[in-house]
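Thank you for sending this one over. Please read the points below with the model open beside you.

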Amino acid sequence: MAYEGGVLNAEARAGDGLEARAQALNERLRDAHPAEILRVALTEYAGRIALVSSFGAESAALLHMAAQIDPTVPVLFLDTGMLFGQTLDYRRSLAKSLGLTDVRDLRPQFQELATTDPAANLYKTDTDACCHIRKVAPLSRALGDFDAWITGRKRFHGGDRLRLQVVEATDGKLKFNPLANWAKAELDAYAAEHDLPPHPLVAFGYPSVGCWPCTQPVEEGEDVRAGRWAGSEKTECGIHVIRAEPKIEIGGDI
Ligand code: SF4
């Protein structure tokens with residue numbers, strides 16, 4: 001991989017495969033501080049990259065770091081129509097206080113809701129289908145405008161995330177995971193150092209916050225994501241799951 005002053009040169013951009021680019025970036029950044037990973041992503045892919053955020057329980061640190069580097073970065077927020085009111089309030093207040101100027105609310109298509117989930121109760125019978133129309137499809141449409149994206153996933157969340165790399169290639173795009181190496185204690189320390197406001201539901205026992213029908217508070221000592229789709233085998237909404245068909249699947253903190 002060819003770098004000139006830390007920046008990918010044109011030949012490398014055009015000639016190397018996406019997988020090779022992801023591997024080279026991963027080798028370069030795998031031990032870097034999250035803010036440095038973000039700086040590289042937002043600098044080298046300026047205008048072609050978006051940050052995807054749930055404005056959930058652990059979102060403030062990454063959003064704060066991004067705002068320090070480029071407050072105009074597009075931030076994609078999935079407003080599924082099933083979010084807690086507290087999350088919508090937090091999305092507005094946090095974006096304003098951090099000075100983020102391009103937060104985009106991604107919503108399900110009206111027509112798709114009308115035909116697939118007219119009573120807004122699909123989550124009771126088919127959570128994968130519900131997540132598809134309310135999360136996967138809207139994000140897939142929005143990411144069509146970008147070559148790369150940034151997520152808030154961390155290895156300490158367990159499951160498939162235990163093998164998470166700092167940079168990966170999926171569905172024809174680079175995916176940066178700046179917080180992959182960080183533990184909960186580092187996130188908490190960063191939030192305290194910068195006086196970042198917590199999501200209002202954290203104080204009520206929600207260490208991870210998604211849609212209201214599929215999120216429960218957890219007991220002391222339980223896994224961070226134990227309250228997501230509790231009682232079912234589902235652990236991800238699908239936005240980070242690669243499928244055989246050529247479409248983007250995403251899930252996470254989101
Ligand atoms: S998390 Fe639940 S309510 Fe939200 S999109 Fe998925 S199945 Fe539907």
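This is a predicted model: local features need pLDDT of at least 70, side-chain atom pairs count only at pLDDT 80 or more; totals for chains, interfaces and linings use all residues.

1. The protein chain holds 8 helices and 8 strands, and of its 254 residues 40% are buried.

2. Helix H2, which runs over residues 18–29, has 12 residues and reaches 16 Å from its first C-alpha to its last, close to the 16 Å expected at 1.5 Å a residue. The buried residues of H2 are Ala22, Leu25 and Leu29; because these cover an arc of only 70 degrees around the axis, they sit on the same side of H2. The elements that cover them include helix H3 (34–44), strand S7 (167–170) and strand S8 (173–176).

3. The largest nonpolar core has 50 residues, of which Ala41, Leu63, Ala66 and Ile150 touch the most other members. Helix H4 (residues 60–69) supplies the largest share of this core, namely 7 residues. For Leu63, once its neighbours within four places in sequence are left aside, the contacts are with Ser53, Leu94, Leu98 and Leu100.

4. Which residues are closest to the ligand? Of the 13 residues that surround the ligand, the closest are Cys130, Cys131, Arg134, Cys211 and Cys214. Sorted by class, the shell around the ligand comprises 8 nonpolar, 3 polar and 2 charged residues.

Methods:
Residues are numbered from 1 along each chain as its sequence is written. A residue is near a molecule or strand if its C-beta atom, placed from the backbone, lies within 6 Å of it. Ala, Val, Leu, Ile, Met, Phe, Trp, Tyr, Cys and Pro count as nonpolar, Asp, Glu, Lys and Arg as charged, and the others, Gly among them, as polar. Helices (H or I, at least four residues) and strands (E, at least two) are DSSP runs, numbered from the N terminus. A residue is buried if 20 or more other C-beta atoms lie within 10 Å of its own, exposed if 12 or fewer, and partly exposed in between; C-beta atoms are placed from the backbone. The expected span of a helix is 1.5 Å times one less than its number of residues. The arc is that of the directions from the helix axis to the C-beta atoms. Two residues are in contact if their C-beta atoms, placed from the backbone, lie within 7 Å. A nonpolar core is a set of buried Ala, Val, Leu, Ile, Met, Phe, Trp, Tyr and Cys residues joined through C-beta atoms within 7 Å.
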